[in-house]
Amino acid sequence: MGDLAVTLLDFNKPIDVGLLDATVNLSMQSVVGGEQQRAAAEKLLLEFQEHPQAWTRVDTILEVSQNQPTKYFALQILENVIRFKWGALPLEQREGIKNYLSNLIIRFSMSEELFRKEATFVNKLNILLVQILKHDWPARWKSFIPDLVAASRTSETLCENSMKILKLLSEEVFDFARLDLTQAKTKELKQSLTVEFKAIHELCVFVLNNTRKTELIRTTLETLSVYLTWVPLGYIFEGNLLELLLQLFPQAPFRNVALQCLTEVGSLQMSTEFNPQFAKFYDFFMQQLEVVVPPSVNIPDAYEKGTDDQQKFVQNLALFFTSFFKAHIGILETLETQAQLLKGLHYLVDISYVDNTEVFKTCLDYWNFFVPDIYTSACTGLDPTGVAFMFAPPATPGVEPPLGGGRKLLYRPILSRLRQLMICRMAKPEEVIVVEDENGNIVRETMKDNDVLAQYKSMRETLVYLCHLDYDDTEQQMLEKLRMQQLAGANWTWAALNTLCWAIGSIAGSMADEQENRFLVTVIRDLLNLCEVTRGKDNKAVIASNIMYVVGQYPKFLRAHWKFLKTVVNKLFEFMHETHPGVQDMACDTFLKICNKCRRKFVVLQVQEREPFICELLNGLTETIQDLQPHQIHTFYEAVGLMIGAESDSVKRDDYLHRLMGPPNTTWNQILSQAHANPEMLRQQEVIKSIQNVLQTNVSVCSSLGQPFLVQFNIIFGDMLQVYKLYSEIISQTIATGGPNAARSIFVKYMRSVKKVALKLIETFVDKCDDPQLLASAYVPAMMDPLLGDYARSVPDARDAEVLSLMAAIINKLRQLMEPEVPRVFEALFECTLTMITRNFEDYPEHRLQFFALLHAIVNSCFNTLFMMSAPQLKLVIDSIVWAFRHTERNVAETGLALLHDLLVQFAGSDYATQFHQTYYLHLLNEILAVMTDSFHKPGFKSQARILHHLFTILDANVIKAPLWDVAAKGAGAFPTNSAFVRVHVIGLLSTSFPNLTQAQVTACVSGMFEYKDFSAFKHHLRDFLVQTKQFASQDNAELFAEDVEKQVVEQREARQRVLAAIPGMIPQADTMAPEDMNDG
C-alpha cells in the first residue's frame, strides 16, 4: 500500500487510473480479514482528495475509468473545489471547469441510450453545474439561461436534462438558499431568475405544444410545478399554459404531475381582476374531473383497491381542492358557480373518508380553515364582501339572493356531512388510556401518540365550530348514533362508540347551559344503561372508559348538579375495583380531574345530605382504595388533598388531613417501632417499598394541599431524615464493599428510591410553603448535615442528583435568606459533583443538569456570595460553565449559555466588573467564538450571539475601566481603547481559524460585529458570516434560523389562542375553570 500511495500522490506524473480504480474497490470491499487493507485504502483516498491539485485529475479519471464508484469519487473532489475553493481559483481555471462540465453534460444528454443508462451520473453533473451557477451566475455567466434554452431546442433528451437543471436551480434559489447562501446573494439570484423566466416559460410551452415524448412532457411538468410557486403572475393566464395543463390532466401518464401544476396555480393569490379566469379555470377543471372520477364513484373504496398512482392521484386531488378553496372559495359563491363549488366540496368530503392518515390530515387541515370561516361570516351577519356576495358577484348590483341565510345556508348540506365525518372519525383524546391493540384486545395504552393528539385537537376545534353553526343538528346526529348503539344489542362496536363519546366530550361548553344539560343527562343515562345491560369484561371496560371520558369533560355540568356529581364519583369508586387494564388508572385520573374543578362541592353540606361528602369518603377510605395499585392510590390521595384544601375552616381541614393520612401514618409508625427493636428489618425489600409508598403518598397530598400540609410534614420530617441518613450509610457501605455493580443492584435501587422520594417531599413542601422565614429558621439548618454532609461523604455512585435540585429550589425560594448557607452548600456539593460530571460527556446526566441549575440559582438569587469566593473557587465556577456550553448535549449546552449570560450581566453591573473582565473577558470571548464556529453547537446560536453581542457592547459602555491586553508585554498605550484591541484580537483569531476566507471578508465581518448595536441585525450579520465558512457551507444550517421560526410559531399560537378563547367551548372546561371559581357552596 506504501508504493501505491507514493504513485497516486505524485502529482508530477500522469495519474494511473487503473491503480485508483483498484484502491477505490479495495476501500469498498467487506471481506473478513481485509479490514486493515480497507482502512489503508480509505486513508489514501482521503489524502488524494485533500491534495490541492486533486481536482486537476478529475477529467482524466472521468474519461478513462470504467468503474462507477471511481467516477463518483472524482465528482466528489470536483464538488469540494466548487463549494469551498471556487473563489480562490484563477479565472481561466474556473472557465475551464465550467466548459468541461457543460460539454460533459451535453455529451451524455445527446444520446438517449447513454442518458437513460447514466441517469444518476448525469444528475450528479447537473448538481455540480448548479453549484457553479450559485457562485458565477449572473455576474460571470450572463448567457447561461439563453444558451441552455437555445441548446434545448436541438435535442429532446438534451431538453429533458435542461428541464432537470432548471428545476434544481429554482429549488436551490427559492427553497434551500438560506442554508448556504448569504442574504444578498439569495436576493441577487432570485431577481436574475425572475428576469430570465420569460425564456424558460417559452421553452416549457414550446415543449408541451410540440413533443409527444412521455418522459420529456413529464419532466417539463415537474419543472413547471417548481417554478409555478413563484413565477411573475402575468405568465399564468396570458398564454395558453393553463389550457395545456387542463388538457393534459385527464391523460393517465401525466395526470398526477399535471394536477400538481394545477394545484400550484390554484393556490396563487392574485388581484381581483383575475377572479373570472380562476372561476373559469375551476369550472373547466370540474368538467374534466367528472370524466376521470364520476361523482357516483365510492372514493374510499376505490382508493383501497387502487394502484400506487391512483392513490397518489386521490392525495393530489385533496391538495388541489384544499389549495384552491383556501385561496378562491369566495369567487365561486355566485349563482353561476355554486353548483360546481358544492360538487367540489362533496368530492372533498368523500376523500376525507379515505383510510390514509396523510390524506385525512390534508382534508382536516382545510376543514379546520373552512368551518371557522363560515362561523365568522355567520357571527358578523355579513359575508366578507357583502351579504349578497355568495349569490351574485359584486359587479352586478340589483341581483337579489334567492334565499336568506347567507353562506351558512349555502353550505348547510356540507356542514351536516362534516359533523357526521367528525363524529365517525374523531381521534382519541389524551385522557383515554383504554385502547384496542392490533389483536383486537382491550388493553392499557403504554405510549402517547403525538400525531393522534394533534389530530384530536384539530378535529375538536372544527366540531365545536360546527356545533355553534347548528346545535340541533349536532345534538340530533350524536343522540341518533348513541340510540343506534343501544339498538344494536350484541352487535354494537367499540370503534363506533369510542369515536361518538370522544366527539360528545369534545364539544363541552359549546351549547347553551339548558340544552347542554338536557343533552348530557340523556347521554350519561344511556351510557350507564348500556354499561348495565352489556356483558363481557372487554365491553364493560370500553363503556367505562367512555363514561369516564365524557364526565371528565363537563365539570361545569357536574358542579351545577350535585346528584349527578355524586352518582358519577360513586361510579368512579366502583370502577376503582375493576381490575381490567387501564380502567382503574382512568378512574383515578378522572376523579383527580373532577376534584380539581369541583373540590368545594365535596366539603360543603349539600341539600338532603347528612354530612359533607368528604366525611363519607374518609369513612369508607380503606374499602375504596383496597384494590388500587400504589401509583393509583397516590393519584387518589392527590385528589382528596384538593378537596381538603377547599375547606376554609382550619380545624376541620386539619381533622380531614389527620383522617386521610391515618392509614399511611399507621404503616409508618409500625415500621419505625419495629425498627427500634430490630434495625435489620429496614433492609427487607417489602419494608423499603412500604416506606417509599408512604413517603410518595405524602408527596401527592403535599403537592395538592399546599401550605396546610405543614402539620403532617412536622409529624414525619424528623424521622424521615433519620431514615434518609440510615439508608445513605447502608448504600455507601454496600457500594464500597461490592464494587461499581453494587450500585445497580435491586437492593440499592430500592433504598435510593426512598431517598429520592424523601428529597422530592422536602422540595415539594419548599415549593408550596408560603413562609420563607419559617423554612430558613426551622427546616434548613436541620437538613444541612443529613443531606449535604451525606452527599459529600458518599461515593459518587451513591450521590443523588435530587440533592442538587432541592438546594436549587431552596435557594430560589429563600433568596437572600439563604446567603449565609451558600458557602456550605458550595463546599459540600460543588467540587465533588464537578469531578463526577467532567470525567466525560456521558456519565451522570441527571447530576449534570441539576448541578448547573443549582449554579444558576446561586448566580440569580445569591449573587453576592460569588464575591466571597477565593480566586481558585471562582475560576472553578467559570471553568464549569465553559465545560457546560462546550457540551454536545443540547440541554446542557443551553443551560451553560443561559448561566453565562446571567453571570456576565450581573458582573457588568457590579463593583467588580473591571477586575472580573480583566481576568476572564478574553478567555470567555475565545471560548464562545470557538463553539459558535465549530458547527457542533448550532442549536445554541441565538444564545451564543447574545453573549457575543453583550461582550462587544460593554466595551463602549465604559464598564471595563482598565486595559484588557497584557500591559507588561505591550505597554499601556499599545491600543487606544479596549474596543480597538478586541477588534484586532478577533480578526487574528478568525483569520487563523478560517484560511478559506480572505482578510477582507474577516475584517468586514468583525467590523459589522462592532457596528451593529441592534441585536437582530447583529445576529443576521453573524449568520451570514457563518454560512460563508467551510465548516458550515457543507451542512444543513436550518438550526441557525430556528429562533426566527420559533418566534413566528409562538406569535401565531398566541394570536390563535386569543381567537379561540372568545368562542364558547373552544377551550376545554377543564382548562378554563380555575379552582378559584369554585369556592362557592
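## The cavity

A cavity is a set of points, on a 1 Å grid over the protein atoms alone, where a 1.4 Å probe fits but cannot get out. In this predicted model, a search of the whole structure finds 1 cavity of 30 Å³ or more. The volume of the largest cavity is about 50 Å³, where volume means the space filled by probe spheres set on the points, and grid points are joined across faces, edges and corners.

## Its lining

Residues that line a cavity have an atom within 4 Å of a point. For the largest cavity these are Ile524, Leu528, Ile547, Val551, Thr567, Val568, Lys571, Leu572 and Phe575. Helix 27 (513-533), helix 28 (537-553) and helix 30 (562-575) each give two or more residues to this lining; helices are DSSP runs (H or I, at least four residues) numbered from the N terminus. Helix 30 supplies the largest share, 5 residues.

By class, the lining has 7 nonpolar, 1 polar and 1 charged residues. Here Ala, Val, Leu, Ile, Met, Phe, Trp, Tyr, Cys and Pro count as nonpolar, Asp, Glu, Lys and Arg as charged, and the others, Gly among them, as polar.

## Leu774

Leu774 lies in helix 40 (residues 772-793). Leu774 counts as partly exposed because its relative accessibility is 24%, between the limits for buried (under 20%) and exposed (over 50%), with a 1.4 Å probe and protein chains only. Leaving aside residues up to four places away in sequence, Leu774 touches Leu710 and Tyr779, contact meaning heavy atoms within 4.5 Å.

## Basis

Residues are numbered from 1 along each chain as its sequence is written. Local features need pLDDT of at least 70, side-chain atom pairs count only at pLDDT 80 or more, and totals for chains, interfaces and linings use all residues, while side-chain values use heavy atoms, without hydrogens and water.

How values were computed. On a 1 Å grid over the protein atoms alone, a cavity is a set of points where a 1.4 Å probe fits but cannot get out, and a pocket is an open set with protein on both sides within 12 Å along at least five of seven lines; lining residues have an atom within 4 Å of a point.
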